[in-house]
Amino acid sequence: KKKKKMNFSVFLQKITTEPFERCKLILQTQNQLIKTENEKVKGIKEIVKLILEKEGIIGYFKTSPIAILKYIITSYLNKNLKNSANWYKSFIPSTEETQIIRIIKNLICPIVHIIGQNPGYLSLLIIYPLDTITTRLCVNISDNPNSILSIRNIINSIVNICNERSFYRGFFSSLFGILVYRVTFFNIYDFTNNFIKQNSGNSFLLNFVCAFFATSLAGFIAYPFDTIRRRLMIDSQFQFNFYSLIISIYQKEGISSFFAGFQINLLRSIISVILTTGLDLLLKIN
């Protein structure tokens, strides 16, 4: 019963936050897709209006089935493979260790995590084609919002027009992004959390603020890697590789383009946390 409630909570969160994810992806990739400046949308209001005009309400949720499928596959793999390699846990920093040792372990831990925690990266390897399909589906605003038909068309275009390698475009950028995120998060959270405990005790509110700050800052620093991988996903002609795309974005669009859509992504994360925790509390009361 508890598991069913948890699954319902996650499914609701996935469906509710999909419109934010779609708006974020459009902002991230539009500079690579548009031919003239007049086609460019300036912000979330214009995107919301455009999707509503072209596809209707269903257009905001057309990637929800894929998001749910990704969650099911990831949960299954992590559950069945999580005990395959636990030796890496000895590298997780302890509060009893000195600050220097914790910093060193925080730098090493994500690298060891990649080697030792195979299930998480095996899950990424398996679901990555679904990420590619989701990205292409999100940025494709058309008068035909039928999800199943659109998904079929995108898969056919990748297989027939491009090739099977296109399903994994940007995969290594994703790995780099995860590594940067975890290195940043571990060090920021460890430092701020210890500072709070030494000066303010064990406060739930301060711990929450500390975790939110570490998550947001780590997400901001790692966000350019997500922008790069999303743009590589839609590069069906193989015009760019990882390095040439970075140079192209920097020279033609400026640094700000690496962070396009970050505000929406942050808002999506906040809403996701509120929905998940709020629904869990309601289910516990009932």
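Analyst: Happy to. From the N terminus on, the elements of the protein chain run α-α-α-α-α-α-α-α-α-α, which is to say ten helices and zero strands. Please keep in mind that this is a predicted model. Of the 286 residues of the protein chain, 42% count as buried. The accessible surface comes to about 16300 Å², and 66% of that area belongs to carbon and sulfur atoms.

Now to the rings. A pair of aromatic rings is described by the distance of the centres and the angle of the planes. With centres required to lie within 6.5 Å, the count comes to 13 aromatic pairs. One of them joins phenylalanine 171 and phenylalanine 172: the ring centres are 5.8 Å apart and the planes stand at 75°, so the pair is edge-to-face, given that planes over 60 degrees apart are put in that class. The two partners differ in their surroundings. Phenylalanine 171 has a relative accessible area of 11% and is therefore buried, while phenylalanine 172, at 59%, is exposed. Both rings also belong to an aromatic cluster, which is formed by Tyr128, Tyr168, Phe171 and Phe172.

A second pair is made by tyrosine 223 and phenylalanine 262. Here the centres are 5.4 Å apart and the planes meet at 80°, so this pair too is edge-to-face. Tyrosine 223 sits in helix H8 (residues 204-233) and phenylalanine 262 in helix H10 (residues 262-285), so the pair links distant parts of the chain, 39 residues apart. On the level of the whole chain, among contacts between residues at least 6 apart in sequence, 78% join residues at least 24 apart.

Leaving aside neighbours within four places in sequence, the residues in contact with threonine 135 are Leu25, Arg230, Met233 and Ile234.

Three of its residues, Ile47, Ile51 and Glu55, are buried. Seen down the axis of H2, the buried residues fall within an arc of 30°, so they line one face of the helix. An α-helix has 3.6 residues a turn, so residues three or four places apart point the same way. The face of H2 turned away from the buried side carries Lys45, Lys49 and Glu53, which are exposed. After H2 comes glycine 56, with a positive phi near 80°.

Note on methods. Residues are numbered from 1 along each chain as its sequence is written. This is a predicted model: local features need pLDDT of at least 70, side-chain atom pairs count only at pLDDT 80 or more; totals for chains, interfaces and linings use all residues. Side-chain values use heavy atoms; hydrogens and water are left out. Rings of Phe, Tyr and Trp (its six-membered ring) pair if their centres lie within 6.5 Å; planes under 30 degrees apart count as stacked, over 60 as edge-to-face and the rest as tilted. Buried means under 20% relative accessible area, exposed over 50%, partly exposed in between (1.4 Å probe, protein chains only). Helices (H or I, at least four residues) and strands (E, at least two) are DSSP runs, numbered from the N terminus. Contact means heavy atoms within 4.5 Å. Accessible areas come from the Shrake-Rupley method with a 1.4 Å probe; for residues, only the protein chains shown count as cover. The arc is that of the directions from the helix axis to the C-beta atoms.
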